[in-house]
Amino acid sequence: MLEIRPYRPSDRAAVYHICVRTADAGGDARGQYSSDDLMPDVYAGPYLEYAPELVSIVAAGDQAVGYLLAVADTADFVRWHRENWLPGFAQRHAGEPADAAEAGVVESGLHPERMLIAELDAYPAHLHIDLLPEAQGQGLGRVLIDGLRAALHERGVAGLHLGFAPQNAGAAAFYGRLGFHSLPSSSAEAPLVGIATAP
């Protein structure tokens, strides 16, 4: 039996594990980088620190098997990230990258301004959602995103955006079914979609 519940600080290690298990365009990225913490340090850790109230956990008993992470104000998150998260990240990942792929991930972590998309005024919030295989195909992704949209709408946030790996065809189809549409700055190499928070 799976349930959706709020994030707890004790979930942090599980969130990191889920992130790396799904970081290869939805597949397992463990062992691909010098540290399995690299991808979570870019795409999960700062969200847990900045906006834990916008983190939802999919749990099987006490074990987290999926999550949704979000921020309501991407521009403010970028400012916070540079001041509060970036120094520690840079120290933890200061070694020579193993290859070009790792160098690209480190660069993403070092430059939070990459999140300042052209459409930010209309779509100021953004999210990351990852589910392990045992939590997929049960409608939980839709429930998570619908819940986030409602919470953001209550806060007066008009729109929500996200990016995903271009080779992740399943993600593209999933977001399309939920009503996300391609944004003007989207490209084949870096798909970017958005949706209004109002139902």
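I took contact to mean heavy atoms within 4.5 Å.

**Ground rules**

I worked on a predicted model, where local features need pLDDT of at least 70, side-chain atom pairs count only at pLDDT 80 or more, and totals for chains, interfaces and linings use all residues. Residues are numbered from 1 along each chain as its sequence is written, and side-chain values use heavy atoms, with hydrogens and water left out.

**Whole chain**

I looked up contacts between residues at least 6 apart in sequence and found that 71% of them join residues at least 24 apart.

For secondary structure I used DSSP runs numbered from the N terminus, with helices being H or I of at least four residues and strands being E of at least two. I got 7 helices and 7 strands. Their order from the N terminus is β-α-α-α-β-β-α-α-β-α-β-α-β-β. The radius of gyration is 16 Å, close to the 16 Å from the globule rule for 199 residues, so the protein is as compact as a globular protein of that length. That radius is taken over C-alpha atoms, and the rule is 2.2 Å times the number of residues to the power 0.38. The C-alpha trace spans about 45 × 40 × 30 Å along its principal axes.

I called a residue buried under 20% relative accessible area, exposed over 50%, and partly exposed in between, with a 1.4 Å probe and protein chains only. On that basis 47% of the 199 residues are buried. The protein exposes about 9500 Å², of which carbon and sulfur atoms supply 52%. I noted that the areas come from the Shrake-Rupley method with a 1.4 Å probe, and that for residues only the protein chains shown count as cover.

I counted 13 positive and 25 negative side chains, with the centres of the two sets 5 Å apart. Lys and Arg count as positive and Asp and Glu as negative, while His and the chain ends are not counted. Each charge is placed at NZ of Lys, CZ of Arg, CG of Asp or CD of Glu.

**Annotated span**

I checked UniProt, where an unreviewed entry places "domain: N-acetyltransferase" at residues 64-199. Its positions are in the numbering used here, feature names are shortened, and annotations may be inferred rather than shown by experiment. In the model the end C-alpha atoms of residues 64-199 lie 28 Å apart, and the span is 40% helix and 20% strand.

**A59**

I found A59 in strand β2, residues 56-60. A59 is buried, at 0% relative accessible area. Leaving aside neighbours within four places in sequence, A59 contacts M1, L2, E3, R5, A64 and V65. I also noted I4, which is 55 residues from A59 along the chain, with 6.3 Å between their C-alpha atoms.

In α1 I listed A14, V15, Y16, I18, C19 and V20 as the buried residues. Their cover includes α2, α3 (45-50), β2, β3 (63-71), α4 (74-92) and β4 (125-131). A25 sits in the loop between α1 (12-21) and α2 (38-43). Phi of A25 is near 50°, a positive value in a residue other than glycine. A25 is partly exposed, at 24%.

**α5**

S108 is in helix α5, residues 100-110, and is buried at 19% relative accessible area. Not counting residues up to four places away in sequence, S108 touches V42, Y43 and R114. A101 also lies in α5, but is partly exposed at 46%. A101 and Y33 are 68 residues apart in sequence and 8.4 Å apart, C-alpha to C-alpha.
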